[in-house]
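Please brief me on this protein model. Start with the overall build, then move to individual residues.

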Amino acid sequence: MTGEDRFLETIEADDKVEPRDWMPDGYRKTLIRQIAQHAHSEVIGMQPEGNWITRAPTLMRKIILMAKVQDEAGHGLYLYSAAETLGVSRDELQHLLHTGKQKYSSIFNYPTLSWADIGAIGWLVDGAAIVNQIALQQTSYGPYARAMVKICKEESFHARQGYSILLALSRGSEAQRAMMQDAVDRWWWPSLMMFGPPDAESTHTEQSMEWKIKRVTNDELRQRFVDQTVPQGQHLGVTFPDPDLAYDEGTGHWMIGDIDWDEFWAVVKGDGRLNRERIAAKVRAWEGGAWVREAATAYAEKVNLRRTA
Ligand code: 3HC
């Protein structure tokens, strides 16, 4: 039996492909691309929320937000480790991100203008990420699937804390309710864009579904997110910024209006509100942390030397 036969048999049987197994170059390549993008998104995603740690309204909210941002860093490290099992180094991935050759999720190029944005990010952005990541727990590549199990557990806390922020604002003053509505107006459509372009325009979906890297398509995941989120928004008393939003009794789904794919592609291609600032801040942090990496490497080499002496 050839490596390819074994690979196809593994995919067919819904088993997991492991790092030492034979895999098509294209399978390896798209996994490196997607897992790296996922990891980059977790790390860059720390910036918009980190922006509000010093301005959280209470000590408890500050503690919760710090814990969430630290979780995101951990998710990034987990996913970089999964990417490394495919034969790519973390340094290489950082270089590809810093030089624009690899992406991160478009959502993180939008500004966080008020405390309500932190609630909207937890509820909508982490909510969308959970819908996507629950499906990815069934992805065919073992290390990626296992990373998703741990990450999904923590994402649930992220979404709950965001919803809790908005629930508090929804029960507050007129000004607090207006702040909440303004944040939902700005974050609703970019959150729907997180699931990627429509299936008909998706470069990778067909092959990724065949290899069971993806188990659910972009449009199906988007629909799942809309169906679960609209009732939650009704409970908050928010109005979604979509005059075409309507419940279809026939299908049991919430139907949305047209997404502005020009905006999506502009942001993906680097012309979002904060693309340049996000990468500049990331490069500054990477360069500023070089001494820590060098010290840790020097120490590890010294310990290894002592062990082998
Ligand atoms: N932002 C940036 N680029 C995007 C994008 C987005 N929201 N959606 C799609 N793209 C890019 C793709 O990378 C691809 O470009 P490439 O060929 O140059 O890589 C192109 O648009 C075509 O899109 P496809 O649908 O063909 O691409 P995929 O098959 O990769 O599907 C995806 C896109 C659904 C986002 C998929 O990559 C995926 O599931 N990724 C893993 C999950 C992830 O990355 N989530 C991002 C957020 S993580 C997060 O939110 C953390 C939370 O804790 C806050």
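Helices (H or I, at least four residues) and strands (E, at least two) are DSSP runs, numbered from the N terminus. The model is predicted: local features need pLDDT of at least 70, side-chain atom pairs count only at pLDDT 80 or more, and totals for chains, interfaces and linings use all residues. Residues are numbered from 1 along each chain as its sequence is written, and side-chain values use heavy atoms, with hydrogens and water left out. The protein holds 13 helices and 2 strands.

**Overall build**

- Along the principal axes, the C-alpha atoms fill a box of roughly 70 × 50 × 35 Å.
- Of the 309 residues, 49% count as buried. Buried means under 20% relative accessible area, exposed over 50%, and partly exposed in between (1.4 Å probe, protein chains only).
- Among contacts with a separation of 6 or more, 76% join residues 24 or more positions apart. A contact means heavy atoms within 4.5 Å.

**Surface and charge**

- The protein exposes about 15,500 Å², and carbon and sulfur atoms supply 55% of that area. Accessible areas come from the Shrake-Rupley method with a 1.4 Å probe; for residues, only the protein chains shown count as cover.
- The mean positions of the 35 positive and 43 negative charges lie 9 Å apart. Lys and Arg count as positive and Asp and Glu as negative, while His and the chain ends are not counted. Each charge is placed at NZ of Lys, CZ of Arg, CG of Asp or CD of Glu.

**Helix α2**

- Helix α2 covers residues 25-44, and its end C-alpha atoms are 28 Å apart. The expected span is 1.5 Å times one less than the number of residues.
- This helix is mostly covered, with 14 of its 20 residues buried.

**Two loop residues with positive phi**

- Asp 14 sits in the loop between α1 (3-12) and α2. Its phi is near 60°, a positive value in a residue other than glycine. Asp 14 is partly exposed, at 44% relative accessible area.
- Lys 212 sits in the loop between α9 (205-210) and α10 (218-236). Its phi is also near 60°. Lys 212 counts as buried, at 18% relative accessibility.

**Tyr 104**

- Tyr 104 lies in the loop between α5 (90-98) and α6 (115-136). Its relative accessibility is 11%, so Tyr 104 counts as buried.
- Leaving out residues up to four places away in sequence, Tyr 104 touches Gln 37, His 40, Ser 41, Ile 44, Leu 97, Asn 109, Asn 275, Arg 278 and Ile 279.
- From Tyr 104 to Lys 212 is 108 residues in sequence and 22 Å in space, C-alpha to C-alpha.

- Ile 121 belongs to helix α6. It is buried, at 2% relative accessibility.
- Beyond four places in sequence, the contacts of Ile 121 are Pro 48, Glu 49, Thr 112, Asp 126 and Trp 187. Glu 49 is 72 residues away in sequence, and its C-alpha is 8.2 Å from that of Ile 121.
- Gly 122 also lies in helix α6. Its relative accessible area is 0%, so Gly 122 is buried.
- Not counting residues up to four places away, Gly 122 touches Gly 127, His 158, Ala 159, Gln 161 and Gly 162.
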